[in-house]
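Hi there,

Here is the structure I promised to pass on. Have a look at it first, and then read on for what turned up.

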Amino acid sequence: MALQITKDSIDLGIITKDVAAMLVFYQDTLGLEPDGEWQMPGGGHMTRLKCGTTVVKLVVNAQQPPAESPPGGIGGATGYRYFTISVSNIAEATSACEDAGYNIAVPVTEVRPGVNISIIADPDGNWVELLQMA
């Protein structure tokens, strides 16, 4: 059985200990739009941010998780290691992140003709790839 997709994007949940720092990055620096927040069953708290039709869900659990994501981005471990946001202003956005003190894991780089990427680490070390196509 194949999925019968009803939305042209997926939503992404990021578990964090410091939602304030994550909001500075995702909302204030990258410009994602607030989309509500609420208490979750079991005592956690979710803050939602819109990225096009995608929703980035920043979640603080009621209890500290027993493990953290290993560092190192793409080469650091298996599993979900980065996600991509398609933009039309990659140089400006990457520069704004660098000026704000975020780690630029990969500077603006042409990966094939007409396709540029950069990768920025959020405050928890999660990698966010920006992609611009000519």
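Which residue forms a salt bridge with Asp35? The partner is Arg48, and the closest N and O atoms of the two are 3.2 Å apart. Asp35 sits in strand S2 (residues 33-39) and Arg48 in strand S3 (residues 45-51), so this pair ties together parts that are 13 residues apart in sequence. Asp35 is partly exposed, at 29% relative accessible area. Arg48 has 18%, and because buried means under 20%, Arg48 counts as buried.

Please keep in mind that this is a predicted model. In total, the structure holds 3 salt bridges. As background, side chains of opposite charge can pair when their charged atoms come close.

Next, take a look at Lys17, which forms a salt bridge with Glu68; here the closest N and O atoms are 2.4 Å apart. This pair links distant parts of the chain, 51 residues apart. Lys17 is in the loop between strand S1 (12-15) and helix H1 (19-29), while Glu68 is in the loop between strand S4 (54-60) and strand S5 (82-86). Glu68 counts as exposed, with a relative accessibility of 58%.

Finally, Asp11 forms a salt bridge with Lys7, with 2.6 Å between the closest N and O atoms. Asp11 is partly exposed, its relative accessible area being 32%. Lys7 is partly exposed too, also with a value of 32%.

Enjoy exploring the model, and write back with any questions!

Best wishes

Terms used:
Residues are numbered from 1 along each chain as its sequence is written. This is a predicted model: local features need pLDDT of at least 70, side-chain atom pairs count only at pLDDT 80 or more; totals for chains, interfaces and linings use all residues. Side-chain values use heavy atoms; hydrogens and water are left out. A salt bridge is a side-chain nitrogen of Lys or Arg within 4 Å of a carboxyl oxygen of Asp or Glu. Buried means under 20% relative accessible area, exposed over 50%, partly exposed in between (1.4 Å probe, protein chains only). Helices (H or I, at least four residues) and strands (E, at least two) are DSSP runs, numbered from the N terminus.
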